[in-house]
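I opened a new notebook page for this structure. My entries follow in the order in which I looked things up.

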Amino acid sequence: MTHSHERDISVEALARVEGEGAMRVKIRDDHVEHVALEIYEPPRFFEALLVGRAYTEPPDLTARICGICPVAYQLSAINAIEDACGVEPPPMIRLLRRLLYCGEWIESHVLHVFLLHAPDFLGYQSAIEMAADHHALVEQGLRLRKLGNTLLEVIGGRAIHPINVRVGGFHRAPRVATLQALRPELEWARDAAIATVRAVAGFDFPDLEQHHVYVALRPDVGWGPDVAPGYPLETGRVVASDGLDIAVQEWPRWFREEHVPHSTALHGRMVTGATYAVGPQARFALNADRLHAPAADVAAEVGLAAPERNPFRSILVRAVETVEAIDEALRLIDAYEEPDAPAVEVPPVDGVGHGATEAPRGILYHRYAISADGLVAAATIVPPTAQNQPAMEADLAGFVQRHLDLDDEALRWRSEQAIRNYDPCISCSTHFLDLQIDRG
Amino acid sequence: MTDVLVVGVGHPDRGDDAAGWLVAERLREQLGDHDEVEIVRLSADPAGLLTLPAWDAAAHVVLVDAIVTGAPPGSVEVLGADRPLPSPRASGTHDLDLVATLQLARALGRLPRDLTIVGIEGARFGVGDLPSPAVVAAAERVACALDAEVRALGTRSSQSAG
């Protein structure tokens with residue numbers, strides 16, 4: 001495209017009800033002048049809703065923000081409240097939380113890899129068309145996903161919006177035999193997930209190298225006294241590829257959310273002004289050494305090395321993380337012993353607490369101020385997609401600039417794919433998304 | 001053994017999008033513990049339907065969701081699986097919508113034998129909005145109608161299975 005082409009492209013990328021979010025790309029004289037992601041953020045509403053509620057309520061209330069990652073909301077809220085109250089639950093409760101989180105990762109990652117992102121790479125408009133030609137692949141994805149559901153059901157009490165989770169632990173602890181009964185399916189799943197990594201590695205990935213600062217959790221302790229710290233899920237320190245290494249309590253000193261003129265949504269920034277990315281690639285970049293053999297070996301086999309800087313290869317990292325989540329679930333189940341009590345008491349104190357976990361799509365940070373009478377005085381929720389917005393904009397700008405030769409339809413499709421690299425959260429940050437490319 | 005699966009789709013904090021949840025909650029109150037009926041509330045992620053054991057096991061599946069067709073709020077439309085499904089809006093970044101999920105189920109040969117979709121017309125969907133009175137009233141009516149129907153279906157299924 002050697003001449004100035006002035007075109008308008010509008011893509012409805014996601015819409016149950018239209019108009020609450022948009023991605024706009026402005027192209028002038030073969031130059032991407034501006035990319036703006038405008039999304040709507042229900043967490044702001046929930047932050048207000050939580051004020052004045054009992055300190056035990058945020059786990060269940062915030063779980064309603066996202067139907068895909070309720071465990072992330074529950075456990076980030078619980079971490080923050082227990083931090084405020086100065087309580088650290090015993091090892092078996094921490095183990096169960098980690099196992100519950102494995103279930104959520106399996107469910108969310110498998111949905112994304114098999115049903116949402118694979119069709120992009122295999123040249124289908126959606127999983128529906130893909131299912132006609134790849135019936136077994138889709139059924140395998142659904143079977144893997146069901147395993148994630150089962151873990152959520154067994155530990156969380158329900159697959160959708162787990163109800164067994166509470167501040168201090170659980171309402172009821174599962175029986176050892178109930179968890180052991182999951183082993184055969186988990187062993188099948190580990191093999192199936194390894195095969196998935198090999199299959200995904202054969203996809204054709206568009207070229208793009210991005211140098212975001214990666215930010216992820218990195219546990220410094222395991223779930224129990226003699227357990228080595230693992231891959232980040234339900235806890236950890238906050239580390240970054242620029243060398244940052246802080247306790248979660250220091251988050252507000254290093255990260256901020258800022259208003260940008262084109263959006264009502266807040267964008268995440270480091271206090272240095274740098275944009276950053278959270279999610280699978282960030283976790284892998286900063287924690288690849290924590291993967292156990294099955295995941296680490298298949299990553300090495302397919303040539304995935306940390307840091308992986310092509311956002312389009314995030315699907316491959318998700319596939320490797322799925323192996324790790326299944327493998328970790330097996331380890332946790334074998335180490336599990338029924339605790340004396342399913343929960344510990346967490347009396348309210350006048351204080352402030354911080355909590356963060358690794359939602360499937362990246363760090364989810366919660367902060368609560370609690371009064372001595374046990375009411376929430378203030379709440380802050382920083383969802384992963386808000387943090388990734390600047391990175392998504394940068395990726396889209398970089399990608400579109402390199403592919404201006406594509407026609408509008410192809411560019412629109414690839415741009416959607418570039419957005420999907422981040423698995424942006426429909427409910428917590430981008431409920432409705434409408435993509436527009438404006439060429440003048 | 002689940003004979004009937006009732007799924008309320010929507011979100012409790014998004015105005016009339018709560019319609020499916022209101023029906024599910026009302027129906028649960030009315031039916032109480034009923035071995036043969038499973039009631040599920042679903043927010044994001046309709047694809048989760050395909051991993052519910054009851055999706056394949058239940059003889060009858062009823063989905064209740066808010067719809068927007070331009071009809072007055074609270075209008076109720078009942079669609080059977082024999083009617084063509086509307087086309088999905090577009091591919092999502094984060095989940096499959098309900099229609100896409102049903103089409104995927106069809107592509108996999110896993111559409112329930114007996115599927116009923118109940119749509120309740122909504123008017124407002126903002127975060128934090130309360131459901132419209134007309135939608136709340138419609139959810140009550142739908143729950144009462146389903147209560148009777150679900151009991152009848154469950155009974156018939158038990159008989160035919162026996």
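Predicted model: local features only at pLDDT ≥ 70, side-chain atom pairs only at ≥ 80, totals over all residues.

Entry 1, the largest cavity. How many nonpolar, polar and charged residues does the lining of the largest cavity have? I found 7 nonpolar, 6 polar and 2 charged residues. Here Ala, Val, Leu, Ile, Met, Phe, Trp, Tyr, Cys and Pro count as nonpolar, Asp, Glu, Lys and Arg as charged, and the others, Gly among them, as polar.

Residues are numbered from 1 along each chain as its sequence is written, chains are lettered from A and ligands numbered from 1 in the order in which they are written, and side-chain values use heavy atoms, with hydrogens and water left out.

Entry 3, the cavity again. I read off about 100 Å³ for the largest cavity. Val278(A), Gly279(A), Pro280(A), Gln281(A) and Tyr422(A) lie nearest its centre, out of 15 lining residues. Helix α10(A) gives the most to this lining, with 3 residues. A cavity is a set of points on a 1 Å grid over the protein atoms alone where a 1.4 Å probe fits but cannot get out, and lining residues have an atom within 4 Å of a point. I counted 6 cavities of 30 Å³ or more.

A pocket is an open set of grid points with protein on both sides within 12 Å along at least five of seven lines. I noted about 840 Å³ of space in the second largest pocket. Among its 35 lining residues, Glu88(A), Arg94(A), Val221(A), Thr235(A) and Gly236(A) are the closest to its centre. By class, the lining divides into 14 nonpolar, 9 polar and 12 charged residues.

Buried means under 20% relative accessible area, with a 1.4 Å probe and protein chains only. Of its 118 residues, Leu115(A), Trp55(B), Leu63(B) and Leu104(B) touch the most other members. Helix α4 (residues 91-122) of chain A gives the most, with 18 residues. A second, separate core of 24 residues includes Ala282(A) and Val400(A).

Notes. Core = buried A, V, L, I, M, F, W, Y, C linked by side-chain atoms within 4.5 Å. Buried < 20%, exposed > 50% of the residue type's maximum accessible area, 1.4 Å probe, protein only. Helix = DSSP H or I, 4+ residues; strand = E, 2+ residues; numbered from the N terminus. Points joined across faces, edges and corners; volume = space filled by probe spheres on them.
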